[in-house]
Amino acid sequence: MAQVPIVAFASSKGGSGKTTSCILVAGEIAARGERVLILDTDPQQSAVKWFERCRAANRLPERIEVVSCLGEAALAERLKALPDDGFVLIDVQGILSPVMAIVAARAHVVAVPSRASQLDLEEALPFVQYTAHFRSSGVQVFLNEVEGIARTTQVFKDAVAYLQNNKIPYFRTIIQQRPKFRAITNDKGMLATLDANPESVRKARANVAALTAEILDLLSLPPQQPAPAPTGEGVAEPDTRETALAAEAV
Ligand SMILES: Nc1ncnc2c1ncn2[C@@H]1O[C@H](COP(=O)(O)OP(=O)(O)OP(=O)(O)O)[C@@H](O)[C@H]1O
Ligand SMILES: [Mg+2]
């Protein structure tokens, strides 16, 4: 891809995990040695504040830069002056807005976090449909904040069935509910440098690595093509990459 890849974390639902997933995926990409520029377009400035907390805690993540980018004029200007290499991630406010329209038009991938409930996915559907005004592919939902045991429940199965019945494109990786993810978005920088219980960090990282791998897969495709069916091999462990997602819906 000639231009620096742009990945947005967006939805019209507040509190669905946009900032959290943006920060986590940024950390995973940075851990692979790439530079990541996060554009914080949300007036809440959650990503900017996270970066400042990390700085104050002396845990500034390497190779990640967060800049504030408020309003459509500022975003349009910033998108004209992107770095030549690395990745650009965009954190977006949970509303449909002129900024969101620019993001929907310019991002190569729009990752849409949603909790695994029909109520939440019913909000994700019109958002995905809205982005279809600007593009025909590269917008995918992922289920976020899923508790380990939740996957056996009818609510979860109904949520997956809802995705499938409404033909909403989705990532096969499910981001689990993990205290480590909250720690990172507090002031701990990135998972790769977290000096905590190695096993829980390893599992958390594998979970994020699986989502990141799917995003990178999507970026490597020529525009307008659907994503390939994920194989579930090589990027994470079976317990973190939910290759059985489709099967679980039946
Ligand atoms: N996978 C997860 N595991 C644990 N906690 C999570 C996870 N995802 C999100 N959270 C928590 O849920 C809350 C909302 O997450 P976050 O701020 O990322 O959502 P958001 O979509 O950016 O919200 P907003 O619409 O306000 O910008 C936060 O307290 C965050 O720590
Ligand atoms: Mg946010």
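Of the 250 residues in the protein, 45% are buried (20 or more other C-beta atoms within 10 Å of the residue's own; exposed means 12 or fewer, partly exposed in between, with C-beta atoms placed from the backbone). This is a predicted model, in which local features need pLDDT of at least 70 and side-chain atom pairs count only at pLDDT 80 or more, while totals for chains, interfaces and linings use all residues. Residues are numbered from 1 along each chain as its sequence is written, chains are lettered from A, and ligands are numbered from 1 in the order in which they are written. The protein has 9 helices and 6 strands (DSSP runs of H or I, at least four residues, and of E, at least two, numbered from the N terminus).

**Ligand shell**
- Ligand 1 is surrounded by 19 residues, the closest being Gly14, Lys18, Thr19, Thr20 and Gly94 (C-beta atom, placed from the backbone, within 6 Å).
- The shell comprises 12 polar, 5 charged and 2 nonpolar residues (nonpolar: Ala, Val, Leu, Ile, Met, Phe, Trp, Tyr, Cys and Pro; charged: Asp, Glu, Lys and Arg; polar: the others, Gly among them).
- At least two shell residues come from each of helix H1 (18-31) and helix H7 (179-188).

**Ser12 and its contacts**
- Ser12 lies in the loop between strand S1 (6-9) and H1.
- Ser12 is partly exposed because 19 other C-beta atoms lie within 10 Å.
- Beyond residues up to four places away in sequence, Ser12 touches Gly94, Ile95, Leu96, Glu123 and Phe127 (contact: C-beta atoms, placed from the backbone, within 7 Å).
- Ser12 and Pro126 are 114 residues apart in sequence, yet their C-alpha atoms are 8.7 Å apart.

**Nonpolar core**
- The largest nonpolar core has 69 residues, and those with the most contacts inside it are Ala8, Ala26, Ile38, Leu89 and Val103 (buried Ala, Val, Leu, Ile, Met, Phe, Trp, Tyr and Cys residues joined through C-beta atoms within 7 Å).
- H1 contributes the largest share of this core, 8 residues.

**Helix H5**
- The buried residues of H5 are Asp120, Leu121, Ala124, Phe127, Val128 and Thr131.
- They cover an arc of only 115° around the axis, so they lie on the same side of H5 (the arc is that of the directions from the helix axis to the C-beta atoms).
- Exposed residues Leu119, Pro126 and Gln129 are carried on the face of H5 turned away from its buried side.
- Among the elements covering the buried residues of H5 are helix H4 (98-106), strand S5 (109-114), strand S6 (139-143) and helix H6 (154-165).

How values were computed:
Contact = placed C-beta atoms within 7 Å.
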